[in-house]
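Let's take a walk through this one together. Have the viewer open and follow along as we go.

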Amino acid sequence: MASTLSFPIIDMGLLDGEERPAAMDLLHDACENWGFFQVLNHGISTELMDEVEKMTKGHYKRAREQRFLEFASKALLQEGGGKQLAAENLDWESTFFVRHLPEPNINDIPDLDDDYRRVMKRFAAELEKLAERLLDLLCENLGLDKGYLARAFRGGSAKGKGVPTFGTKVSSYPPCPRPDLVKGLRAHTDAGGIILLFQDDRVGGLQLLKDGEWVDVPPTRHSIVVNLGDQLEVMTNGRYKSVLHRVVAQTDGNRMSIASFYNPASDAVIFPAPALAEEASNTYPKFVFEDYMKLYVRHKFEDKEPRFEAFKKSVESESAKLIAIA
């Protein structure tokens, strides 16, 4: 296992002082060479984070634990032979998804109490502000106009309503008696834009792939773990890359994971920023985010490069047709 000692941790409080250049350099290096980093002093109050954690863990115990235990007992009974292969294609997690933008659905989720809904709405509003601040910091490091990435995320048609898609996956990773048989969450890159994770500070398990080795993402109290999705890799023309990551099932402890995905609007047209593509020998494809997601859901746990290549070939095919017609 590779060391976690050099995992990038960025104190956002330094961005307002004389140490800003060093903090920005660390952020740039993290985006270029890790695709992951943690931020401290990010502007979200520790009191709110503690309330979110308490309510999330309480909700799992009250509303989801028994259902997961029933699923788990059946999954582990499928051990052996061809049934073992089926278990290897499962993830040892209990999860539900809350949509915030463009149309929230939190009031439609039946087993959430009003206090939990209220707290999650406050938390989502803070995460939205943090995501947009981070996107502007990325623009600054890349030499892009302030707001470029945020504007690109918003799309433009009535269908997209000029707002990004934004939602939260709330997960619990309970103790697993057979981590040799089933993963917590299989290795994948994230399809979207920028991902903000509030994770358990006592139970680890999240790992990323760096230089051919799996590296632990260290649990750090009141931090937000940030990783970059496939869309930012395209928009930066590969300067910043999405990175394979996974969750390793643990035999002890119930790991909390609250991952919020700040993604482009469904109708947003995704392509490399012209300023980053001018001198590059290779450019990424152009596509509509919704089309990418349709491909991603079928191939989430596969390499990302064939997904990019599929859209490149589609563009080349359309160009060939236009030339033939002309």
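Is Asn 41 buried or exposed? With a relative accessible area of 54%, over the 50% cut-off, Asn 41 is exposed. Keep in mind that this is a predicted model, so the relative area, like everything else here, is computed from predicted coordinates.

You'll find Asn 41 in the loop that links β2 (36-40) to α2 (46-77). Most residues other than glycine have a negative phi, and most peptide bonds are trans. Pro 102 belongs to the loop between β3 and α4.

Now zoom out. The protein has nine helices and 13 strands, and of its 326 residues, 49% are buried. If you take the contacts with a sequence separation of 6 or more, 80% of them are between residues 24 or more positions apart.

Let's go to the sheet of seven strands. This sheet is open, its pairing is mixed, and the strand order reads β1-β2-β9-β6-β11-β4-β3. At the edges you have β1 (9-11) and β3 (94-101), each of which pairs on one side only. Ignoring direction, neighbouring strands here are turned by 25° against each other on average.

Inside that sheet, have a look at β11 (residues 255-263). Nine of its nine residues are buried, so the strand is largely enclosed by the rest of the structure. Both of its faces are covered: one side carries Arg 255, Ser 257, Ala 259, Phe 261 and Asn 263, the other Met 256, Ile 258, Ser 260 and Tyr 262, and all of them are buried. So what does β11 pair with? There is β4 (residues 165-173), which runs antiparallel to β11 and is joined to it by nine bridges; Thr 165 stands opposite Asn 263 there. There is also β6, antiparallel to β11 too, with six bridges.

A second sheet is waiting for you. This one is open, has four strands in the order β5-β10-β7-β8, and its pairing is antiparallel. β5 (185-188) and β8 (213-216) are at the edges with a single partner strand each, so one side of each has no neighbour in the sheet. Neighbouring strands in this sheet are turned by 25° against each other on average, direction ignored. For a close-up, pick β7 (residues 206-210) and β10 (residues 245-247): they run antiparallel and three bridges join them. Leu 208 stands opposite His 245 in β10.

On to the helices. Two packed helices are described by the angle between their axes and the distance between the axes. For α1 (residues 20-33) and α4 (residues 114-142), the angle is about 95° and the axes are 10 Å apart. The two are therefore roughly perpendicular to each other. Where they meet, α1 brings Arg 20, Met 24, Leu 27, His 28 and Cys 31, and α4 brings Leu 137, Leu 138, Glu 140 and Asn 141. Sorted by class, that contact has five nonpolar, two polar and two charged residues.

Next, head for the segment before β1, where Pro 8 is found. Pro 8 counts as buried because its relative accessibility is 5%. Leaving out residues up to four places away in sequence, Pro 8 touches Ala 30, Trp 34, Phe 36, Phe 37 and Gln 38. Take Gln 38: it is 30 residues from Pro 8 in sequence, yet their C-alpha atoms are 6.3 Å apart.

Last stop, the cysteines. Cys 139 is buried at 0% relative accessibility, and Cys 176 is buried at 1%. How many disulfides does a search of the whole structure find? It finds zero.

Definitions and conventions:
Residues are numbered from 1 along each chain as its sequence is written. This is a predicted model: local features need pLDDT of at least 70, side-chain atom pairs count only at pLDDT 80 or more; totals for chains, interfaces and linings use all residues. Side-chain values use heavy atoms; hydrogens and water are left out. Axes are lines fitted to C-alpha atoms, for helices over the stretch in contact, and angles run from 0 to 180 degrees between N-to-C directions. Angles under 35 degrees count as roughly parallel, over 145 as roughly antiparallel, 65 to 115 as roughly perpendicular and the rest as oblique. Contact means heavy atoms within 4.5 Å. Ala, Val, Leu, Ile, Met, Phe, Trp, Tyr, Cys and Pro count as nonpolar, Asp, Glu, Lys and Arg as charged, and the others, Gly among them, as polar. Two strands pair if DSSP finds at least two bridges between them. A disulfide is a pair of cysteine sulfur atoms within 2.5 Å. Buried means under 20% relative accessible area, exposed over 50%, partly exposed in between (1.4 Å probe, protein chains only).
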